[in-house]
Amino acid sequence: NFSQVTEFILLGLSDTRELQVLFLTFFFLAYAMILLGNLLIIVTVRTDPKLSSPMYFLLCNLSFIDICCTSVTSPRMLVDLLSQRKAIAFEDCIAQLFFLHFIGASEMFLLTVMAYDRYTAICKPLHYTTIMSRRVCWVLVSACWAGGFLHSIVQTLLTIQLPFCGPNKIDSYFCDVPSVIRLACTDIYVTEWLMASNSGLISLVCFLVLVTSYTFILVTIRIRFTEGHWKALSTCASHVMVVTLFFVPCIFIYLRPFSTSPSDKHICMLYTVFSPVMNPLIYTLRNNEVKASIWRLWKRCKV
């Protein structure tokens, strides 16, 4: 594409050495929590036959996606916080951009599927086992990954066809579409709107589907309220917390022209770091079945 730029310089979150040390400590602990927490969920669900329902199957996949998503950005960011010159090769930058959108879009679709699972379990309990069979769950999860791949391919192809021949400093701690295409030495108006309509609309549509699902769930719970529905309401409330933390920043970043804003890189931390941290905390501390399974797993390991 006639690009002369062979590497990009990531400006990171701060130039102050003291803040860099603070960020390094915080993000290292956050990354460790994400890995350990989500791995614990995966091992617990895979080893306990009592957690064989579609909800826990989807939760296990969400934990795997969270590990992948944060591993795209966090290790590189931790290394850069220790380095004076935060350079990333052009090919590595494009690869990071591709996997970030691949896994991020897959997570959006999976969260939507999880909302549909809760809607089916609460609003159509008699048909739940038929609608959400194991085969259907595998098909839905595969569709999530396929949708994420198609989305990412579009974003990546629109990016690599741009010429980069001048500035190479990215005001962020990772390579993403908005920050990278601003450096192209050509008119990006059409490309900008194509990308915004792609990423932004996916985020918005998935969020609206989620809101609609939970609206139906709340109406159903209000009509026939029982102790079991109170438990379902608690589960959905925690799910809404994760959804809000993940989708609102994505909609803000992608559903608009890609203007330069120093605050964007801090907003991105919500869905690249904080959301993966919150998932294992919410789904374990607020779920008695998972906590009981973890305790049984712990006792088996001690023996």
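Student: Which cysteine does a disulfide join to Cys-165?

Tutor: Cys-165 is joined to Cys-185, with an S to S distance of 2.0 Å, where a disulfide is taken as a pair of cysteine sulfur atoms within 2.5 Å. This is a predicted model, in which local features need pLDDT of at least 70 and side-chain atom pairs count only at pLDDT 80 or more, while totals for chains, interfaces and linings use all residues. Residues are numbered from 1 along each chain as its sequence is written, and side-chain values use heavy atoms, with hydrogens and water left out.

Student: OK, and how many disulfides does the count come to?

Tutor: The count comes to two disulfides, and the pair Cys-93 and Cys-175 is joined with an S to S distance of 2.1 Å. That pair links distant parts of the chain, 82 residues apart, with Cys-93 in helix 3 and Cys-175 in the loop between strand 3 (169-170) and helix 6 (177-181); helices (H or I, at least four residues) and strands (E, at least two) are DSSP runs, numbered from the N terminus.

Student: Is Cys-93 buried or exposed?

Tutor: Cys-93 counts as buried because its relative accessibility is 0%, where buried means under 20% relative accessible area, exposed over 50% and partly exposed in between, using a 1.4 Å probe and protein chains only. Cys-175 is also buried, at 0%, whereas Cys-165 counts as partly exposed at 35%.
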